[in-house]
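Trainee: Please put the model on the screen, and let us start from a single residue before we get to the whole chain.

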Amino acid sequence: MTQEDNSNSNSSPQKAREIGMLTDVGQVRTVDEDSILAAKLSFGVNSKSNIFHLLVVADGMGGHAKGEEASKIALSAISRSVISELVNDTPFTKLLEQGIQNANQNILDYTSKHPEASGMGTTCVCAMVEGNDVVLANVGDSRAYKISNEIHQVTKDHSYVQGKVDSGEITKDQAREDPRNNEITKAVGLSSSLEVDTMKLTLDSDESLLLCCDGVNDHLPDDEIQKIVRDSPDPDAACKKIVDM
């Protein structure tokens, strides 16, 4: 997650942002199938300095089919795609979308060479943050939230229960209790044809951005997530409290 750091606000025309990150194996599996990245990228071209944050959450799926390998492949593909093109002024939307498409192909290539891993895949939500401007890309049910005095889920899950919510069959609260709430309808690495959702947003000066896998929102309601982020002294503390809860 990223959060405004007011201590630097007087020395830079852009609001400086702090990053916090944490992943945990949880209490069900013996292997953590998640891979996460929170990186500050700085470079200078023609006497112009640029600072970005690249954030990625990939939640592997497949159990014995090596979900942890799928999420690691996705993380590697996205970071390589973004970093290699940053100096070329390629739009962030295209960078993130291409990174996920590369991850999709790389996972398919891996499973073609390792048939025992057939069926592995990963969800993914990633962001490029420049000041208060954010570009997001997502596949599956890993989420992005904007958080201040309120909380807003800004990505839409690609899941069975989200389809029922969209059609009006159930409410968002009922979706949490649906026995099929862990079924996703789209993931990275399962098909050669993949459509990636992208969007742009602007954070207000008091807003934080949180990326998380379903291990967070399956166990914590939105208002509890919002309270933790609002009351924590920094992003690392917020991430630790969310995992502890």
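Trainee: Where is the place of aspartate 214?

Mentor: Aspartate 214 is in helix H5, residues 214-217, where helices (H or I, at least four residues) and strands (E, at least two) are DSSP runs, numbered from the N terminus. This is a predicted model, in which local features need pLDDT of at least 70 and side-chain atom pairs count only at pLDDT 80 or more, while totals for chains, interfaces and linings use all residues. Residues are numbered from 1 along each chain as its sequence is written, and side-chain values use heavy atoms, with hydrogens and water left out.

Trainee: Is aspartate 214 buried or exposed?

Mentor: Aspartate 214 is buried, because its relative accessible area is 15%; buried means under 20% relative accessible area, exposed over 50%, and partly exposed in between, with a 1.4 Å probe and protein chains only.

Trainee: Which residues is aspartate 214 in contact with, leaving aside its neighbours within four places in sequence?

Mentor: With those neighbours set aside, aspartate 214 is in contact with Asp59 and Asp141, contact meaning heavy atoms within 4.5 Å. Aspartate 214 and asparagine 182, which are 32 residues apart in sequence, have their C-alpha atoms 8.3 Å apart.

Trainee: Now tyrosine 145, what is its relative accessible area?

Mentor: The value for tyrosine 145 is 0%, so this residue is buried, and its place is in strand S7, residues 143-147. Beyond its neighbours within four places in sequence, tyrosine 145 has contacts that include Ile151, Val154, Leu209, Cys212, Asn217, Asp222 and Ile225.

Trainee: Changing topic, which residues of the largest nonpolar core touch the most other members?

Mentor: Of its 33 residues, those are Val82, Leu86, Leu96, Ile100, Cys126, Met128 and Val188; a nonpolar core is a set of buried Ala, Val, Leu, Ile, Met, Phe, Trp, Tyr and Cys residues joined through side-chain atoms within 4.5 Å. Strands S3 (34-45), S4 (48-61), S5 (121-130) and S6 (133-139), together with helices H1 (67-85) and H2 (92-113), each supply at least two residues of this core. A second, separate core of 15 residues includes Ile36, Ala127, Val129 and Cys213.

Trainee: What about methionine 128, which residues is it in contact with?

Mentor: Once neighbours within four places in sequence are left aside, methionine 128 is in contact with residues including Phe52, Leu54, Val82, Leu86, Phe92, Leu96 and Val135.

Trainee: And cysteine 124, where does it lie?

Mentor: Cysteine 124 lies in strand S5 and counts as buried, because its relative accessibility is 1%. The C-alpha atoms of cysteine 124 and valine 57, although 67 residues apart along the chain, are separated by 5.7 Å.

Trainee: Which residue has a positive phi although it is not a glycine?

Mentor: That is aspartate 89, with a phi of about 60°, and it is found in the loop between H1 and H2. Aspartate 89 counts as exposed, because its relative accessibility is 71%.

Trainee: Last one, how many helices and strands has the chain?

Mentor: The chain has seven helices and ten strands, and 48% of its 245 residues count as buried. Among its contacts with a separation of 6 or more, 65% come from residues 24 or more positions apart.
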